[in-house]
Amino acid sequence: MEEVARQLEELGKSERRVAMATVVATRGTTPKKDGAKMWVGEGGRAVGSIGGYVDAKVIAESERVLATGEPRVLSVAIGDEDAWEMGLSCGGTVDVLVEALDLGPRPAPLVDTYRRIGADLERGRAGCLVRPLRDPARALLVRQDGTADGSLGDAERDRAALRLALQLFPAGLPVTQELAGQGTEAFFEVHAPRPHLVAVGAGHMSMPLVSLARALGFRTTVVDARPRFATRERFPEADELRVGTASEIVAALPLVPSTAVVLTIHDSEVEVPVLRAVLASEAGYVGMLASRKRGRGVLEMLREQGVPHEQLARVQVPVGLDIGAQTAAEIALSVLAQIVAVRSRRPGTALVERAP
């Protein structure tokens with residue numbers, strides 16, 4: 001979702017007006033999920049895809065929307081045979097909001113809203129764009145700190161949307177919901193920054209951690225003072241390798257709620273100053289690879305240096321979920337599972353134990 005502002009900027013170089021198609025609801029098996037987008041220019045050029053023959057229907061609907069200027073919600077049923085051709089196990093239904101956007105010198109207000117969302121994402125801040133499906137020209141932009149811009153046209157409706165948007169941030173997934181007591185269906189388009197994993201220590205434990213994090217969509221940074229360890233040969237999938245004093249490097253990074261910092265280096269002279277820098281930031285997850293006894297010792301050093309108890313309580317040590325991990329790869333899986341759980345505000349229990 002974080003690429004919408006960039007896509008609009010690129011489209012604006014060649015198109016003055018486009019139809020934006022957004023998947024707002026799905027039922028059954030569909031090629032794309034809620035929030036997927038496709039763009040159709042006035043000349044018929046399509047950018048992106050919603051999947052299979054649905055694209056052709058979206059293009060046809062886009063021509064009508066561009067001609068009339070009236071937004072439409074297009075509902076497309078995917079039969080089992082069509083689903084098989086798309087590589088899906090069975091059919092389903094996809095609802096797509098198709099609307100016209102001006103990209104010229106005086107762009108549509110929604111374009112400016114997406115630009116604000118893009119700027120917030122660059123600073124590591126999530127946002128949720130709420131729009132009623134019957135009147136998508138109205139919009140409420142809710143930020144993760146509880147502030148909001150715009151309106152859905154009614155104060156009570158705005159309050160209901162704000163409450164629900166704040167509940168949706170942890171999962172970070174777009175969804176269509178009915179506003180409680182309002183009788184209004186609205187699309188909640190959650191935009192979350194790409195999660196960032198900072199691995200402090202370029203030892204063997206960090207290698208599978210970075211590799212798996214990259215597979216999960218994280219941006220990854222490896223920090224170490226030892227150039228012979230922090231190499232591209234050892235970390236071919238890392239987005240960034242930083243060599244130098246770890247605490248200084250970490251303190252200069254944008255440590256925001258979407259950032260997870262994991263210390264895999266067993267050296268209190270490195271761990272203590274790094275943790276001081278991290279705990280003074282907004283980093284959403286802080287983990288330390290150490291035994292319980294050793295972890296208590298490092299935290300006690302920080303306590304003696306005046307680090308408040310509420311900050312120390314943020315440190316996950318021992319790090320990870322209890323899955324019986326033994327190998328470096330298993331430990332990496334355990335750590336990343338905990339990071340995802342913390343980000344989603346879930347306990348990390350087995351699904352079979354969840355209440356229905």
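**The core, the pocket and the cavity**

The largest nonpolar core holds 27 residues, and Val 200, Val 261, Leu 275, Val 278, Leu 279, Leu 302 and Val 315 have the most contacts inside it. Such a core is a set of buried Ala, Val, Leu, Ile, Met, Phe, Trp, Tyr and Cys residues joined through side-chain atoms within 4.5 Å. At least two residues of this core come from each of β11 (196-200), α7 (246-252), β14, α8, β15 (285-288) and α9 (292-304), and α8 gives the most, with five. In soluble globular proteins, nonpolar side chains tend to be buried together.

All this comes from a predicted model, in which local features need pLDDT of at least 70 and side-chain atom pairs count only at pLDDT 80 or more, while totals for chains, interfaces and linings use all residues. Residues are numbered from 1 along each chain as its sequence is written, and side-chain values use heavy atoms, with hydrogens and water left out.

As for the chain overall, 46% of its 356 residues count as buried (under 20% relative accessible area; exposed is over 50%, partly exposed in between, with a 1.4 Å probe and protein chains only). The chain has eleven helices and 16 strands, taken as DSSP runs numbered from the N terminus (helices H or I, at least four residues; strands E, at least two). Its C-alpha atoms fill a box of roughly 65 × 45 × 45 Å along the principal axes.

Back to α8, which covers residues 268-279: this helix of twelve residues reaches 15 Å from its first C-alpha to its last, close to the expected 16 Å (1.5 Å times one less than the number of residues). Its buried residues are Glu 271, Val 272, Val 274, Leu 275, Val 278 and Leu 279. At the start of α8, a side-chain oxygen of Asp 267 comes to within 3.0 Å of the backbone nitrogen of Glu 269.

Lys 37 sits in strand β2 and counts as buried because its relative accessibility is 11%. Its side chain makes polar contacts with those of Tyr 114, at 3.3 Å, and Glu 189, at 2.8 Å. A polar contact is a pair of N or O atoms within 3.5 Å; within protein, one must be able to donate a hydrogen and the other to accept it, and residues adjacent in sequence count only if both atoms are side-chain atoms.

On a 1 Å grid over the protein atoms alone, a cavity is a set of points where a 1.4 Å probe fits but cannot get out, and a pocket is an open set with protein on both sides within 12 Å along at least five of seven lines; lining residues have an atom within 4 Å of a point. Points are joined across faces, edges and corners, and a volume is the space filled by probe spheres set on them.

The largest pocket has a volume of about 970 Å³. It is lined by 41 residues, with Gly 172, Ala 192, Pro 193, Pro 195 and Arg 343 nearest its centre. The largest share of that lining, five residues, comes from α11.

The largest cavity is about 50 Å³. Its lining consists of Met 205, Leu 209, Val 262, Thr 264, Leu 289, Val 319, Ile 331, Ala 332 and Val 335, and α11 again gives the most, with three residues.
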